[in-house]
Amino acid sequence: MDEGTKRRSVQLNEIGQIALTVRDLARAKNFYQNTLGMMFLFDVGTMAFFQCGAIRLMIGLSEETVSIGGTILYFKVEDIETMHRVLVGRGVEFVQAPHLIARMPSHDLWMAFLKDTEGNTLGMMSEVARPAMVV
């Protein structure tokens, strides 16, 4: 693969999810679901997920002491392992390599987290379809 092809193969241009840190998950979940009318999707641990148009919103408690307002942009990617390998090759610092987050009814949700040049965390997410079970 030539350098021009490699450059074109990495395009983070679609936001799949936005995360917001909250202090009180139950109160925030009620606000987003009942006050704002967002469609609730699912809970995982200390996180709740909503559909907001084409973008998924995750609200959650942080395991670390962080200031509220630390937003993480999640970019949808088709092949998270290849994207990870290409970006590592370009010197990108990853906080977490690709790992399975949740097994959903039709797919597995994989994520990886990296730092931009300013120290901001960005997420990559990949919804990997599972083969249909033959009965």
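**Entry 1**

I started at Phe50, which is buried at a relative accessible area of 0%. For burial I use under 20% relative accessible area as buried, over 50% as exposed and anything in between as partly exposed, with a 1.4 Å probe and protein chains only. A note on what I am reading: this is a predicted model, in which local features need pLDDT of at least 70 and side-chain atom pairs pLDDT 80 or more, while totals for chains, interfaces and linings use all residues. Residues are numbered from 1 along each chain as its sequence is written, and side-chain values use heavy atoms, leaving out hydrogens and water.

**Entry 2: aromatic pairs**

I pair rings of Phe, Tyr and Trp (its six-membered ring) if their centres lie within 6.5 Å; planes under 30 degrees apart are stacked, over 60 edge-to-face, and the rest tilted. My count came to 5 aromatic pairs. One of them is Phe31 with Tyr32, edge-to-face at 5.5 Å centre to centre and 85 degrees between the planes. Phe31 is partly exposed at 38%, whereas Tyr32 is buried at 15%. Phe40 and Phe50 also pair edge-to-face, with 5.8 Å between centres and 70 degrees between planes. What does this pair tie together? Phe40 sits in strand E2 (residues 39-44) and Phe50 in strand E3 (residues 47-52), so the pair joins parts 10 residues apart in sequence. My helices (H or I, at least four residues) and strands (E, at least two) are DSSP runs, numbered from the N terminus. Phe40 is partly exposed at 27% relative accessibility. I noted that Phe31, Tyr32, Phe40 and Phe50 form one aromatic cluster.

**Entry 3: helix H2**

Next I followed Tyr32 into helix H2 (residues 25-35), where Leu25, Ala28 and Tyr32 are buried. Down the axis of H2, the buried residues fall within an arc of 70 degrees, so they line one face; the arc is taken from the directions from the helix axis to the C-beta atoms. The face turned away from the buried side carries the exposed Ala26, Arg27, Asn34 and Thr35. The cover over the buried residues of H2 includes strand E1 (15-21), E3 and strand E4 (55-60). I also checked both ends. At the start of H2, a side-chain oxygen of Asp24 comes to within 3.3 Å of the backbone nitrogen of Ala26. Just after H2, Gly37 has a positive phi of about 75 degrees.

**Entry 4: His107**

Last, I looked up His107 in strand E7 (residues 107-115). His107 is buried at 16% relative accessibility. Setting aside neighbours within four places in sequence, His107 contacts (heavy atoms within 4.5 Å) Ala102, Glu127, Val128, Ala129 and Arg130.

Terms used. A polar contact is a pair of N or O atoms within 3.5 Å; within protein, one must be able to donate a hydrogen and the other to accept it, and residues adjacent in sequence count only if both atoms are side-chain atoms.
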